[in-house]
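Here is a short briefing to read with the model open beside you. Keep the viewer handy and look up each residue as you meet it.

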Amino acid sequence: MDLYEYQGKQYFARFGIPTSPGGVADTVDEAVARADAAGYPVVVKAQVKVGGRGKAGGIKLAADADEVRTHAGNILGMDIKGHVVHRLWVEHASDIAREYYASFTLDRTAKKHLCMVSAKGGVDIEEVAATDPSAIARLHIDPVDGLHIDEATKLVAEAGLDEEAREQAAQLLLLLYACYVEGDCDLAEINPLILTTEGKVHALDAKVTLDDNAAFRHPEWEDFAGTDTLDEREKLAKEKGLNYIGLSGSVGIIANGAGLAMSTLDVVNQVGGSAANFLDIGGGANADVMAAALEVINTDEAVRSIFVNIFGGITRCDEVAKGIVEALHRVELRSPIVLRLDGTNAEEGRAILADHVSERLVVEPTMLGAARRAVTLATGGSK
Ligand code: GDP
Ligand code: MN
């Protein structure tokens, strides 16, 4: 389970990791009250479980209550990469001298924990890893030995953190490690970890993923689950009993079975495309479910083509075909469908669709061929 930034910061606080004083707000008035309490200037931050909020305009500095009103009003309801903002975190603004990066995660291949520290924080760490890998200092930690202060000190020096930040940063790494291990996190990331102009090191952002397998020993996690508000599309999908996860690409995916849905994502990637979502319509899906799945995907404006990949087993291909026909009547689909039907009643399914095949509904015999076609359509190619 991913936590919101404010929850991550509350989690950090339990382990003594320094953060800025602040509070949660769901309305403009609440935001002003939190800002008054935190002390001006403040920063108003959109709470959505997606990175790059700053660039999207979801993080704004405010010098006084009026500015808080303006920014809170603008940010509440904002759509950031398909996530609608319903909640804000308002905290006392920091004077930033330097922005660093620090994280702990599990390196499954090495069977060890991995700590990463960089003096190039505040920006997308994947980008740093791609363009300047030497800017990230790495340390593998044997879970039996744990992390010791001398190793942490060496690591922050290696990462090139400023002299005056090193001692505090090393201490903070020990706290973050404790949070990661004792707190049963899959990921504990601070980006940026800052050095303030007053020479203090603290966490300006928090990205925490809890290890769901450890939920049994953390009854307190139930509070987090309760606030796990789904975005509009995920809510719509859930109402219709679909297993939908939004992603950031342009090819909408519908498949039956989680395994096939994942393979479909892989194949789309393999031929140079990117999936807009994961959607498993499950076994035994009927026409109604298929139509509902198309409806949900149709609300995603990033979608340029829809790849329907069905391997009929319990799910019968003729039912799927009926669902597609029904959806064509029920909703005005914005994107063309590329369909691959195989397995139980595939021929009957194709027969049902025969009259509807057009540029907007293409049938491809193989999964790879269908993926190529869907990606070509999504990227505006002509084929
Ligand atoms: P993200 O874009 O979703 O990762 O959100 P962050 O919480 O990391 O904030 C993005 C950027 O906003 C940071 O890298 C800072 O440059 C800026 N920012 C956030 N909080 C403050 C603050 O208290 N003071 C100042 N000056 N800038 C801030
Ligand atoms: Mn950040």
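The notes below start with the overall layout, then turn to the two ligands and to some local features of the chain.

This is a predicted model, in which local features need pLDDT of at least 70 and side-chain atom pairs count only at pLDDT 80 or more, while totals for chains, interfaces and linings use all residues. Residues are numbered from 1 along each chain as its sequence is written, chains are lettered from A and ligands numbered from 1 in the order in which they are written, and side-chain values use heavy atoms, with hydrogens and water left out. The protein has 383 residues, of which 50% count as buried; buried means under 20% relative accessible area, exposed over 50%, and partly exposed in between, with a 1.4 Å probe and protein chains only.

**Overall layout**

- You will find 13 helices and 18 strands in the protein; these are DSSP runs numbered from the N terminus, with helices (H or I) of at least four residues and strands (E) of at least two.
- The C-alpha trace spans about 70 × 50 × 45 Å along its principal axes.
- The chain is divided into domain 1 (21-92), domain 2 (96-223) and domain 3 (232-378), with bounds that come from an automatic or database domain assignment.
- Taken over C-alpha atoms, the centres of domain 1 and domain 2 are separated by 25 Å.

**The manganese ion (ligand 2)**

- N191 (O) and D205 (OD) coordinate the manganese ion at 2.2 Å.
- That pair links distant parts of the chain, 14 residues apart: N191 belongs to strand β10 (residues 185-196), and D205 to the loop between β11 (201-203) and β12 (207-210).
- Donors here are N, O and S atoms within 2.8 Å of the metal (3.2 Å for Na, K and Ca), and water is not among the atoms, so sites may look incomplete.
- Both coordinating residues, N191 and D205, are buried.

- Sixteen residues lie around ligand 1, and K45, R53, G54, S94 and E99 come nearest; to be near, a residue needs one of its heavy atoms within 4 Å of the molecule or strand.
- Strands β2 (42-46), β3 (59-62), β7 (96-107) and β10 each give two or more residues to the shell around ligand 1.
- The shell has seven nonpolar, five polar and four charged residues, where Ala, Val, Leu, Ile, Met, Phe, Trp, Tyr, Cys and Pro count as nonpolar, Asp, Glu, Lys and Arg as charged, and the others, Gly among them, as polar.
- Domain 1 and domain 2 each supply at least three residues to this shell.

**A buried aspartate**

- D184 sits in the loop between α6 (163-182) and β10.
- D184 counts as buried because its relative accessibility is 12%.
- The side chains of D184 and R217 are joined by a polar contact of 2.9 Å, that is, a pair of N or O atoms within 3.5 Å; within protein, one must be able to donate a hydrogen and the other to accept it, and residues adjacent in sequence count only if both atoms are side-chain atoms.

**Backbone details to look up**

- Most residues other than glycine have a negative phi, and most peptide bonds are trans.
- A cis peptide bond joins Y40 and P41, with omega about -5°, and P41 is in the loop between α2 (28-38) and β2.
- Another cis peptide bond runs from N191 to P192, with omega near 10°; P192 is in strand β10.
- K81, although not a glycine, has a positive phi of about 50° and lies in the loop between β4 (79-80) and β5 (83-84).
- K81 is exposed, because its relative accessible area is 58%.
- K111 is not a glycine either, yet has a positive phi of about 55°; K111 is in the loop between β7 and β8 (112-118).
- At 69% relative accessibility, K111 is exposed.
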